[in-house]
Amino acid sequence: MNEPKSIPLHDFHSRHGARFVNFGGWNMPVQYTSILEEHKAVRTGAGLFDVSHMGEFFVTGNEAAGFLDRLLVNRIATMKPGKAVYSPMCAEDGSVVDDLIVYRISSEEFLICVNASNIEKDLDWINRQAREWNSGVLIEDQSSEYCLLALQGPAAELILGASGLAEAAKLKRFNHLSVTLGSAELRICRTGYTGEDGFEIYVAPEHAEELAERILAAGENKNIRLCGLGARDSLRLEAGLPLYGHELSDSISPIEAGLSWTVKLDKDNFVGKVALLEQKSKGPGKCVIHFKLEGRRIARENTPVLNAGNETVGSVLSGTLSPMSGSPIGSALVDSSAKERTLYVDLRGNRILLNVAQPPLHQ
């Protein structure tokens with residue numbers, strides 16, 4: 001086993017009392033105080049996350065827009081500079097290589113943020129696709145050039161304003177801009193992974209700690225907390241947001257995951273279109289659902305999902321206890337024919353009624 005890599009602000013997190021875990025090959029802060037407290041801070045005030053393990057690729061050139069439009073299932077070529085788009089990236093069979101966010105910086109320059117555990121795989125995949133494309137596209141892995149801080153919660157805009165970043169208030173959802181703060185160049189994006197309002201900020205590693213301390217000081221009287229991966233996961237599951245390797249994977253397509261809105265089947269061509277078009281027209285055999293359970297017992301990943309006849313019709317993908325409602329919540333992949341019927345989870349031989357629910361799961 002290789003030793004996990006450390007993010008640039010590792011010492012900063014240690015000083016603030018972080019507990020670390022190996023996540024996707026990175027030594028990442030999982031919590032500082034408690035996941036419950038950090039989760040609730042994001043829902044009621046603000047939480048500051050360090051997600052610098054994520055990967056950043058730049059795609060540039062006069063063919064960059066057309067290339068990305070073919071590479072990804074969502075529509076890229078027509079997006080304007082300053083906009084961001086979420087999209088799965090599929091293989092020819094419709095399975096998901098990764099899901100990512102694309103930021104258009106100019107007519108010929110795009111920033112792509114990919115999942116940390118998929119950086120090498122994604123770079124190889126994108127380069128292979130580029131070799132089959134026309135000239136005029138350059139792909140650069142600049143993951144080591146950036147830290148990524150995420151400020152999430154209803155107080156996020158006020159805190160950034162108090163941090164000297166009043167420009168953030170101008171941004172609409174899924175928009176971004178470049179600003180200067182002191183000697184630091186920042187890219188502020190109104191995006192996030194918690195179901196709350198918030199921002200993700202790209203910053204060079206040498207300026208990241210100063211920015212983090214500035215944000216924490218500005219949010220001191222607004223219930224800000226440093227938050228780790230534990231709260232990030234419970235927040236995204238409450239919001240019904242997919243995690244690659246769970247609700248999306250090389251065996252779960254965007255159609256099956258309930259992300260048909262990202263798949264622009266009216267585009268001329270893109271990788272996976274034929275398979276996804278067929279799946280959409282016939283209807284997927286499996287689908288991702290979200291659920292709540294009565295009581296306090298959590299249905300963890302791979303827990304069997306049963307129908308009324310005690311037949312296995314699926315399995316749990318993600319499960320946790322919602323810090324806001326106090327109820328177990330989760331997601332599951334089930335046979336499409338079973339999703340409208342009475343379902344149960346098998347918790348060590350005990351059948352517990354599964355209540356299908358629409359996110360957000362804490363309301």
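## Helix H6

The buried residues (under 20% relative accessible area with a 1.4 Å probe, protein chains only) of helix H6 are His 207, Ala 208, Leu 211, Ala 212, Ile 215, Leu 216 and Ala 218. Helices here are DSSP runs of H or I with at least four residues, and strands are runs of E with at least two, numbered from the N terminus.

## Basis of the model

The model is predicted: local features need pLDDT of at least 70 and side-chain atom pairs pLDDT 80 or more, whereas totals for chains, interfaces and linings use all residues. Residues are numbered from 1 along each chain as its sequence is written, and side-chain values use heavy atoms, without hydrogens and water.

## Overall fold

The protein contains 8 helices and 20 strands. Its radius of gyration, 21 Å, is close to the 21 Å given by the globule rule for 363 residues, so the protein is as compact as a globular protein of that length. The radius is taken over C-alpha atoms, and the rule is 2.2 Å times the number of residues to the power 0.38. Of the 363 residues, 55% count as buried.

## Arg 225

Arg 225 belongs to strand S14 (residues 224-227). With 29% relative accessibility, Arg 225 is partly exposed, a class lying between under 20% and over 50%. Leaving aside residues up to four places away in sequence, Arg 225 touches Thr 33, Glu 37, Glu 38, Ala 41, Ala 46, Gly 47 and Leu 48, a contact being heavy atoms within 4.5 Å.
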